[in-house]
Amino acid sequence: MNELPILPPASCDGCGACCLGIGSPILVYASRPDYAEPHPFRPPELPRELADEIDFHFSGLLRGQEPQESCLWFDHATRACRHYEFRPQVCRDYELGGRACLQRRRDAVAEGISLLK
Ligand code: SF4
Ligand code: SF4
């Protein structure tokens with residue numbers, strides 16, 4: 001068995017394994033009638049068109065009710081986040097090369113997901 005994909009990578013480029021199978025963490029940026037302005041989780045600098053896209057897909061849903069296959073912002077061609085600079089805190093807290101990262105890469109390979117590196 002080739003263990004290379006499991007090794008801690010130098011960067012997330014070409015991987016994206018942790019953006020698959022977890023729904024869309026960006027759902028926390030969706031508008032909700034019970035949220036007072038300003039939005040409690042949405043970055044103030046998030047472009048309006050991105051907020052509108054999130055509302056279009058997720059408005060009225062709670063986390064876990066959205067499609068789980070891949071995050072809305074995941075680009076399958078580049079295997080990268082389309083708006084990395086605006087990623088939610090949970091994505092920022094996910095440690096590159098940490099235990100969860102390495103386990104997710106191991107699981108992704110077992111699931112037949114080919115990591116680009
Ligand atoms: S699984 Fe690890 S290397 Fe892959 S994108 Fe997530 S944090 Fe980066
Ligand atoms: S917001 Fe970006 S980094 Fe976070 S799960 Fe979605 S695609 Fe991945």
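Helices (H or I, at least four residues) and strands (E, at least two) are taken here as DSSP runs, numbered from the N terminus. By that rule, the protein has three helices and two strands. The structure is a predicted model, in which local features need pLDDT of at least 70 and side-chain atom pairs count only at pLDDT 80 or more, while totals for chains, interfaces and linings use all residues. Residues are numbered from 1 along each chain as its sequence is written, chains are lettered from A and ligands numbered from 1 in the order in which they are written, and side-chain values use heavy atoms, with hydrogens and water left out.

**Whole chain.** Display the C-alpha trace, which spans about 50 × 25 × 25 Å along its principal axes. Following the sequence, the elements come in the pattern α-β-β-α-α. Of the 117 residues, 36% are buried (under 20% relative accessible area; exposed means over 50% and partly exposed in between, with a 1.4 Å probe and protein chains only).

**Helix α1.** Select residues 48-58 and colour L50, A51, I54, D55 and F58, which are buried. Viewed down the axis of α1, these buried residues fall within an arc of 140°, so they line one face of the helix; the arc is that of the directions from the helix axis to the C-beta atoms. On the face turned away from the buried side, E49 and F56 are exposed. Next, move to G60, which follows α1 and has a positive phi, near 90°.

**The largest pocket.** On a 1 Å grid over the protein atoms alone, a pocket is an open set of points where a 1.4 Å probe fits, with protein on both sides within 12 Å along at least five of seven lines; lining residues have an atom within 4 Å of a point. The largest pocket has a volume of about 610 Å³, the space filled by probe spheres set on points joined across faces, edges and corners. Select C12, C18, C19, Y84 and C91, which lie nearest its centre among the 30 lining residues. At least two lining residues come from each of β2 (80-81), α2 (89-93) and α3 (99-110).

**The ligands.** Ligand 1 sits in the largest pocket, with more than half of its atoms within 2 Å of the grid points.
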